[in-house]
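Please open the model in a viewer with the sequence beside it.

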Amino acid sequence: MRTIEILDSHTAGEPTRLVLEGGPDLGNGTIAERLQVFRRDHDRWRSAIVNEPRGSDAVVGALLCVPSDASCDVGVIFFNNIGYLKMCGHGTIGLVASLAWLERIKPGKVRIETTVGIVTAELLESGDVVVANVPSYRARKAIPVDVPGIGVVRGDVAWGGNWFFLVEEHSLEVRLSNLDALTSYSSRIQQALSEQGIRGDDGAEIDHVELFAAANPQEADSRNFVLCPGGAYDRSPCGTGTSAKLACLYEDGKLKERQEWRQQGILGSVFRGSVEVRNGRIFPLIRGSAHVTLRGSLIIDENDPFAWGIR
Ligand code: PYC
């Protein structure tokens, strides 16, 4: 019998399950190296933590780690129903809000070692969290992809800590009641990108698809739907997706440095974003809030046929 100590939260509706204790032993390498160990030797832990019967396709796991970089306060590895996320914006907001809830941190800055570099977050007195993400950029603009059953769809390939295909022009209504159509459309785009070898700069799969629509200007500057790897949609406006969007807007001259951009997600919740430019690199800032929903222990009983999750 094993127990895993967890703290659940949601950020703008999107769940994060923070693993505090009892997770797999990944050694003392860098967080990027520990991710390789997690994937190679302990993947069943990922499934046990986020998948049914204890979780759901929407849950993003965040394994809290001792950082290898002495300048950092914590390390984290993000994962989901089918694999590992390179970075996660909503999950970082959830992590910081959870550490605050546990009284492990006070308002101020937190340096976080992630698998794609160091991310700084600031816990504000209000409880909001501002994530200073990894540098983000657009790799290719208006790439056509021939999607079976749909036709040619054009989108930008951009990095915001994960790889995204950002689509402005499509025929779908971006609202919650249209979820099935949005999911099917985005899944077909994702599959076509993969089959046609359209990839991120480092040859990595473009595993997130983001569709945009106009928002009510009193609420936001844009509305999105984001399909995550594994088929679940992001309940939040997606921190890394908003970062990719901010980089594209800045590169198009549609957003100035430090100008606020309000990105609304499919549930109506909003992240406030902006960019800072240093040495020609675009650093997105994403502001949001998270709420703790559950503290508990997951129990892994080897006699349980679904002890390691339903995969
Ligand atoms: O907020 O970056 C994010 C994210 C990625 C996948 C789910 N949420």
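Select Arg 262 and Arg 272 to begin: Arg 262 stands opposite Arg 272 in β15. Strand β15 (residues 270–278) is joined to β14 by four bridges, and the two run antiparallel; two strands pair if DSSP finds at least two bridges between them. Helices (H or I, at least four residues) and strands (E, at least two) are DSSP runs, numbered from the N terminus. This is a predicted model, in which local features need pLDDT of at least 70 and side-chain atom pairs count only at pLDDT 80 or more, while totals for chains, interfaces and linings use all residues. Residues are numbered from 1 along each chain as its sequence is written, and side-chain values use heavy atoms, with hydrogens and water left out.

Next, display the turn of this hairpin. Five residues lie between β14 and β15, and Gly 268 takes a positive phi near 100°.

Continue to strand β16 (residues 281–288), which is antiparallel to β15 and joined to it by seven bridges. Here Glu 276 stands opposite Phe 283 in β16. The hairpin of β15 and β16 has two residues between the strands, and Asn 279 has a positive phi near 50°.

Now step back to Arg 258, in the loop between α5 (239–251) and β14 (261–264). Its phi is positive, near 70°, in a residue other than glycine. Is Arg 258 buried or exposed? Arg 258 counts as exposed because its relative accessibility is 58%; buried means under 20% relative accessible area, exposed over 50%, and partly exposed in between (1.4 Å probe, protein chains only).

Compare Ala 12, located in the loop between β1 (2–11) and β2 (14–21). Ala 12 has a positive phi of about 55° although it is not a glycine. At 15% relative accessibility, Ala 12 counts as buried.

Select strand β11 (residues 163–167) next. Five of its five residues are buried. Trp 163, Phe 165 and Val 167 lie on one side, with Phe 164 and Leu 166 on the other. In a regular strand the side chains alternate between the two faces of the sheet.

Strand β10 (residues 151–159) runs antiparallel to β11 and is joined to it by four bridges, and Ala 158 has Phe 164 as its bridge partner. Three residues separate β10 and β11 in their hairpin, where Gly 161 in the turn has a positive phi of about 105°. Strand β12 (residues 208–213) pairs with β11 in the parallel sense over four bridges; Leu 211 in β12 is the bridge partner of Val 167.

Finally, select helices α1 (residues 31–41) and α2. They pack at an angle of about 85°, with their axes 5 Å apart; axes are lines fitted to C-alpha atoms, for helices over the stretch in contact, and angles run from 0 to 180 degrees between N-to-C directions. The contact (heavy atoms within 4.5 Å) is made by Phe 38, Arg 39 and Asp 41 of α1 and Asp 43, Trp 45 and Arg 46 of α2.

Helix α2 (residues 43–50) has six of its eight residues buried, so it is largely enclosed by the rest of the structure. Among the buried residues are Trp 45, Ile 49 and Val 50. A cis peptide bond joins Glu 52 and Pro 53, with omega about 10°.
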